[in-house]
Amino acid sequence: MNKLIATLCVVFTTSFATAQNYWQQAVDYKMDVHINVKNYQYKGTQRLVYTNNSPDTLNVVFYHLYFNAFQPGSEMDSHLQSLPDPDPRMATNVGTKDKPQWVSRISQLKPNEIGYLKVLSLTQDGQSVSYEHASTILKVKLAKPILPKGQAVFEMTFEGQVPVMIRRAGRNSPDGVALSMAQWYPKMVAYDFKGWHATEYLGREFYGVWGDFDVKITIDKNYILGGSGVLQNPNEVGCGYEEAGAKVPKVKGKTKTWHFVAKRVHDFTWSADPEYVHDKVALKDGKTFHFLYKKYKENWKRIQPEMVKVYDFYNTIVGKYPWEQYTFLQGGDGGMEYAMCTLIVGNERYESLLGTAIHELGHAWFQHLLGTDEATYPWMDEGFTSFIEDLAKQLVIHPNSGHIPFGNAYKAYFTLATSQFDETPITHSDRYASNYAYSINSYRKGTLFLTQLGYIIGDKVVIKALQEYYKQWAFKSPTPNDFIRIAEKVSGMQLQWFLNEFMQTTHTADYAVESVKAKGNKTEIVLKRIGRMPLPIDLFVVEKSKKVHYYYIPLRMQFGNKPNPYMLFDQEIMPAWGWGNTTYTLEINMPLEKIQTVAIDADNLSVDINKANNVFQNP
C-alpha cells in the first residue's frame, strides 16, 4: 500500500460534536499490600469509591478475582483441554504432531504453585455486605442500592498467592523475573449500557472501569519495581528513580514501601525483581520512558532510541500520549499491554523484542486510551494496534526496506476465510472454537478492517478518522458503531454496510471480469459479483501502448466517492453498482484490439479472495 505510505504524515484537525448520552462508571482505588517474596503470598486492604453514573439503580456489584483461574479444575483449566489448539504456553502436547494430546499446565499445579485471590471482609459505607466467591467472580449483594449518580465506598481485606507463570501474570517468568503482577487485585467488573460484564476468566481479554489508583506495595527491600502510575517516593526507594543529586536514605528493616499513583486508567500492573536494571529516557515532550530488565541487556539498550521514534510517530498518527510516563517491563510470557506499561518477555532475538515493544506501545492508544470492551471486540484493540504497528515498522524502523505493509495480514485472512475454521469476529473472545480463528480475526482481520476502509474512503481519510476517534473517545469505552460513525462523518459516506459485512458476518468478497467484447469501435466489459461481500471497484484498462485508464465504480450503498488514490492516473467515476445486481456492464470508447489488459484491483489492495478471475488478458 505505497500510496498510503506516501501520505501518512499529514495531521488533520477537523472536529465533530462528541457523542451524546454517553456515560461510564468511575472507580477510585486506594490499596496497601504486603508481599512475601519467599512463599509468593500477599495480603492487602482496598478502599474503593464507586460512582454510579448510569441511569440504573444497582442492587449488586461484581469483582474479578483473576488469580483463581490458575487452579486445577478451574474453567480455564477445563477450557484449555477442550480446545483443538490450546496456547502452547499454557498446555503441553504429550502426544504427537499428527495426533496431539494436550495437557493443561494448570492441571499440574501443586497447592503451593496455584494462584488464588480471596476476599476476607467487605463493607459498603461501613456496613457489612454478603458476598460469594464464584471462581474468578465475586458477587456482592449490596446493603443498600446505589442510586443513579450515587456513590458507595467499599472497604475490603484480601489475600492472594501468585501462581507459577502460566499466562501473563505469575512468578518466575521464562526470563526468571520474580513477580509479574497483572490482574492481581480484586477488580470491579465493568458495568455499561449492556449491564454487568461478569464473565469467567479463561485467559484472553479484559475490560475495566476508569478511575484513579493510589497503591502502596511493601516488599523485600532488595526488589526493584516498575509498573502503572508515577512513583510518589522516588527519593526513598532510589533504584534509579531518585531525582538528580538526591541522597537515598539507607533502608532500615527488611522491607521497603513503593508508592504509585495512576490517574485516569482502568487497570494497575507492576513487576518486581532484585536484579532489575533500570534505565530512564527523557522524551522531547517532557515525559519519560522507563526500561526495567535483567536479561538480554544489549537488546534492551538497543530498542530504547527506536521506541522513542515510534512514540513520536504514534503521537502524530493518532494523538498525544497524555500520561507522565510509560514503562517497558521484562516479565510475563510474551507481550501484554497494561495501563502506562507493558510486560514483555526479554527475547534473545532483537527483532522479536523490538516488534513486540512496538506493538505493545501501540496499545497505550488502542485499549488504554480508547478503552474498548476487548473481550467482546478484541479486533478493535488488537487490529487497530497492529495497523499502526505495521505503519511504524515501515515508516520509522525500516523506511527503505521495500516491505509491503499488511502483507501478512492479507495472507492470514485469506487462509482463514477459505477454511472450515472461520468464525464471525462478533464472537466473544472466550467463545471461539479455536485459538487460530480468534487470533486471525482479532489481529489480522482487525488490521484489514482499516485497510479496507481505506480502500473504500481513501487512506488519508482513514488516518483522519483515527485522529477524530481519538479526540472524541479518549478515556472512554467506544464500540464498533462509535468508530464507524466517526468514519462516516469524516468521509461523508454511508458505511454501516461495511461494518456489518466485514466484522459481523463471514461473507467474503469475490469479483470477476466475466467478459470483454468488441462492440463496434467500443468495448463492452461485464463484471460479476460472486462473493456476498460488497466492495467498490478500482478497474484498470491497459492499452497495448501501455497507457493506463482508471475507472472507479462506487457502491450505490456507500453514497459517495473516494478521492483519487492514484496520482499518475485520472479517475473516471462510473455510475454506482447496486449490490442486488450481480453483474455490472460498462462501455469504454476504445476498440478491443487496442486493449492489452483489464484488471480489477490491480494493486491487490482489496480482500477479494480470488485474484485469478480479476484479470482479462487480450490474446
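This is a predicted model: local features need pLDDT of at least 70, side-chain atom pairs count only at pLDDT 80 or more; totals for chains, interfaces and linings use all residues.
Colleague: What makes α6 oblique to α8?

Modeller: Helix α6 (residues 378-397) and helix α8 (residues 435-457) have axes that come within 7 Å and cross at roughly 60°. Angles under 35 degrees are roughly parallel, over 145 roughly antiparallel, 65 to 115 roughly perpendicular, and the rest oblique. So α6 counts as oblique to α8. The axes are lines fitted to C-alpha atoms over the stretch in contact, with angles from 0 to 180 degrees between N-to-C directions. The helices are DSSP runs (H or I, at least four residues), numbered from the N terminus.

Colleague: Is the crossing of α6 and α8 left-handed or right-handed?

Modeller: Right-handed. That word applies if the near helix is turned clockwise from the far one by less than a right angle, and left-handed applies if anticlockwise.

Colleague: Which residues of α6 and α8 meet?

Modeller: On α6 they are P378, W379, E382, G383, F384, S386 and F387, and on α8 they include Y438, Y443 and L450. By class, this contact has eight nonpolar, seven polar and one charged residues. Contact means heavy atoms within 4.5 Å. Ala, Val, Leu, Ile, Met, Phe, Trp, Tyr, Cys and Pro are nonpolar, Asp, Glu, Lys and Arg charged, and the others, Gly among them, polar.

Colleague: Why is α6 called oblique to α9?

Modeller: α6 and helix α9 (residues 459-473) pack at about 125°, with axes 13 Å apart. That angle makes α6 oblique to α9. Their crossing is left-handed. M380, F384, F387 and L391 of α6 touch I463, L466 and Y469 of α9, giving seven nonpolar, no polar and no charged residues.

Colleague: Why is α8 called roughly parallel to α10?

Modeller: The axes of α8 and helix α10 (residues 480-491) come within 12 Å and cross at roughly 25°. Therefore α8 is roughly parallel to α10. F449, L450, L453 and I457 in α8 meet F483, I484, A487 and S491 in α10.

Colleague: How do you know that the "active site" residues gather at one spot?

Modeller: An unreviewed UniProt entry places this feature at E360 and Y443. They span 84 residues in sequence, yet no two of their C-alpha atoms are more than 12.8 Å apart, so they gather at one spot. E360 belongs to helix α5 (residues 350-362). UniProt annotations may be inferred rather than shown by experiment.

Methods:
Residues are numbered from 1 along each chain as its sequence is written. Side-chain values use heavy atoms; hydrogens and water are left out. Helices (H or I, at least four residues) and strands (E, at least two) are DSSP runs, numbered from the N terminus.
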